[in-house]
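I opened my notebook to record what I looked up in one structure.

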Amino acid sequence: MALQLWETVKESIAVYTGLSPGTFFTGLALGLAVYYLLSSLFGSSDRQYERTTRASAEEMQPLPPPVQLGEITEEELKAYDGNDATKPLLMAIKGQIYDVSQSRMFYGPGGPYALFAGKDASRALAKMSFEDKDLTGDVSGLGPFELDALQDWEYKFMSKYVKVGTIKNTVPVTDGPSHGEPVEATESHADKPTENDASEDAAAGTRESASGADVDKE
């Protein structure tokens with residue numbers, strides 16, 4: 001029975017394909033091999049993509065609401081540069097601190113603007129500079145075009161991010177001169193005769209001389 005079935009299959013192959021049974025089965029085996037090879041390649045890529053997507057979805061947790069920090073120093077702001085995942089990602093423009101956690105791909109570690117995080121980057125943004133010397137809030141000496149660019153950045157941050165604080169001004173206040181110095185100057189100035197005193201003394205001497213001359217005449 002099996003032999004008759006095999007003979008029938010061989011005759012059908014020869015009739016419908018024009019190929020010998022050996023050639024037909026060889027081609028079929030090669031086709032299956034290529035199919036499984038391609039399936040394994042693309043199938044593994046799809047599974048890898050699914051795993052990556054699932055992992056990314058797990059990592060993308062809802063951001064906590066911005067926390068108002070009030071007034072902090074530039075040194076304290078450095079702790080919010082994104083290296084600590086438990087803290088918000090902050091940066092400042094013109095002394096105003098903004099929560100940029102929603103743009104972590106840009107300002108977080110590894111992002112194109114990561115060096116601005118945790119700092120007042122006003123000067124660097126105005127000049128579009130990535131040099132360390134420009135990572136400061138000092139905007140003195142900037143030209144009108146740079147100030148306009150900085151203003152555009154500030155408008156962007158005001159419209160997109162939440163302001164959470166300001167940078168404390170740490171510029172030391174210089175003390176004025178002590179009260180003893182002006183007093184000494186006043187005393188020394190008081191001991192020195194003035195022009196009015198000299199004029200009064202000269203006038204008194206003139207009157208005394210005139211009086212003495214009148215007495216002699218009498």
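My entries on this model follow.

**Ground rules.** I am working with a predicted model, in which local features need pLDDT of at least 70 and side-chain atom pairs count only at pLDDT 80 or more, while totals for chains, interfaces and linings use all residues. Residues are numbered from 1 along each chain as its sequence is written, and side-chain values use heavy atoms, with hydrogens and water left out.

**The sheet.** I looked up the strand order first. Four strands form an open sheet, ordered β1-β4-β3-β2, with mixed pairing. The edge strands are β1 (70-72) and β2, each of which pairs on one side only. On average, neighbouring strands of this sheet are turned by 40 degrees against each other, direction ignored. I noted the terms: helices (H or I, at least four residues) and strands (E, at least two) are DSSP runs numbered from the N terminus, and two strands pair if DSSP finds at least two bridges between them. In general, strands of a sheet pair through backbone hydrogen bonds, either parallel or antiparallel.

I then went through β2 and β3. Strand β2 (residues 90-93) runs antiparallel to strand β3 (residues 96-99), and four bridges join them. I found A92 bridged to I97 in β3, and I93 to Q96. Two residues lie between the strands of this hairpin, where K94 has a positive phi near 55 degrees.

Axes are lines fitted to C-alpha atoms, for helices over the stretch in contact, and angles run from 0 to 180 degrees between N-to-C directions. Contact means heavy atoms within 4.5 Å.

**A surface patch.** F25, L28, L32, Y35 and Y36 make a nonpolar surface patch of about 540 Å². F25 lies in helix α2 (residues 21-59).

**Buried or exposed?** I checked two residues. Buried means under 20% relative accessible area, exposed over 50%, and partly exposed in between (Shrake-Rupley method, 1.4 Å probe, protein chains only). F25 counts as partly exposed because its relative accessibility is 34%. G111 is in the loop between α4 (104-107) and α5 (122-127). Its relative accessible area is 14%, so G111 is buried. Not counting residues up to four places away in sequence, G111 touches M105 and F106.

Methods: Patches are made of residues with over 30% relative accessible area and no salt bridge: like charges are joined within 9 Å, nonpolar side chains (Val, Leu, Ile, Met, Phe, Trp, Tyr) within 5 Å. A salt bridge is a side-chain nitrogen of Lys or Arg within 4 Å of a carboxyl oxygen of Asp or Glu.
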